[in-house]
Amino acid sequence: KLAVGFVGPDFVKKPELGKQYISRALVESKLDAFIQHGNKAIDEIKKAVYCVDNSATIRYIGIAFALIIVGRLFSDMLLLYLVFLAAFIGPIVYEKNQKEIDAKIAEGRQLADAKLAEGRKMADAKYGEFKKVAAEKTEVYRAQLSEKATPYLEKNAAARGIAEKVGLTPKKAQ
């Protein structure tokens, strides 16, 4: 009624209440996509919670950490305002500067791919070194353990059987 006083009764119509806003056909047409996306979301949550995929879990932990840091720096209302503002300004800015934005995104992807390839190359090199050192150290520690444990294992047959099953002692011919 407040708006009627300013703009007149002909401009603001009385709302029609009681009509059907959502139809069964509309809901059924969107239901399959909703179920598919819902199942994917549940699978992703399970992957993160049960640590099925380590890379996904680490990614979600990183996202949560980033959100915590951002939340500590800025208030919730400011963040909501920025999201609201970006939702309305982003498409207009993209339409006006689409070529430049696409070029910068492609340039950023190329740079990210190059850095990722460089990082993978370094990780593979370090993994090879780590695997070699781990194999050497494992053999040294296994020999030391076998040497120190042999007197104890000769006294206890049950312990000797367990150690042989695990592979901690060389099996001796009896």
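Predicted model: local features only at pLDDT ≥ 70, side-chain atom pairs only at ≥ 80, totals over all residues.

What does the accessible surface of the protein come to, and what share of it belongs to carbon and sulfur atoms?

Mentor: Residues are numbered from 1 along each chain as its sequence is written, and side-chain values use heavy atoms, with hydrogens and water left out.

The accessible surface of the protein is about 16,200 Å², and carbon and sulfur atoms hold 65% of that (Shrake-Rupley method, 1.4 Å probe; for residues, only the protein chains shown count as cover). Of the 174 residues, 5% count as buried (buried is under 20% relative accessible area, exposed over 50%, partly exposed in between, with a 1.4 Å probe and protein chains only). The protein has six helices and zero strands, giving the pattern α-α-α-α-α-α along the sequence; helices (H or I, at least four residues) and strands (E, at least two) are DSSP runs, numbered from the N terminus.

Now the part you asked about.

Cys-51 has a positive phi of about 55°, although it is not a glycine. Most residues other than glycine have a negative phi. With a relative accessible area of 44%, Cys-51 counts as partly exposed.

Because its relative accessibility is 10%, Thr-57 counts as buried. Beyond its neighbours within four places in sequence, Thr-57 is in contact with Lys-47, Ala-48 and Cys-51 (contact means heavy atoms within 4.5 Å).

Further along, helix α4 (residues 76–96) carries both Phe-84 and Phe-88, four residues apart, about one turn of the helix. The structure holds one aromatic pair. Phe-84 and Phe-88 form this pair edge-to-face, with 4.9 Å between centres and 65° between the planes; ring centres must lie within 6.5 Å, and planes under 30 degrees apart count as stacked, over 60 as edge-to-face and the rest as tilted. Phe-84 and Phe-88 are both exposed. The 21 residues of α4 should span 30 Å at 1.5 Å a residue, and the end C-alpha atoms are 30 Å apart, so the two agree. At Ile-89, α4 bends by about 35°, with a proline, Pro-91, following within four residues.

Helix α5 (residues 98–155) has 58 residues, reaching 79 Å between its first and last C-alpha, close to the 86 Å expected. It bends by about 50° at Ala-149, and Pro-151 is a proline that follows within four residues. Ala-149 is itself buried, as are Ser-146 and Leu-153 of α5. The buried residues of α5 pack against α6 (157–166).

Technical notes:
Phe/Tyr/Trp six-rings, centres within 6.5 Å; stacked < 30°, edge-to-face > 60°. Expected span 1.5 Å × (residues − 1). Bend = angle between axes of the 7 residues up to and from the residue.
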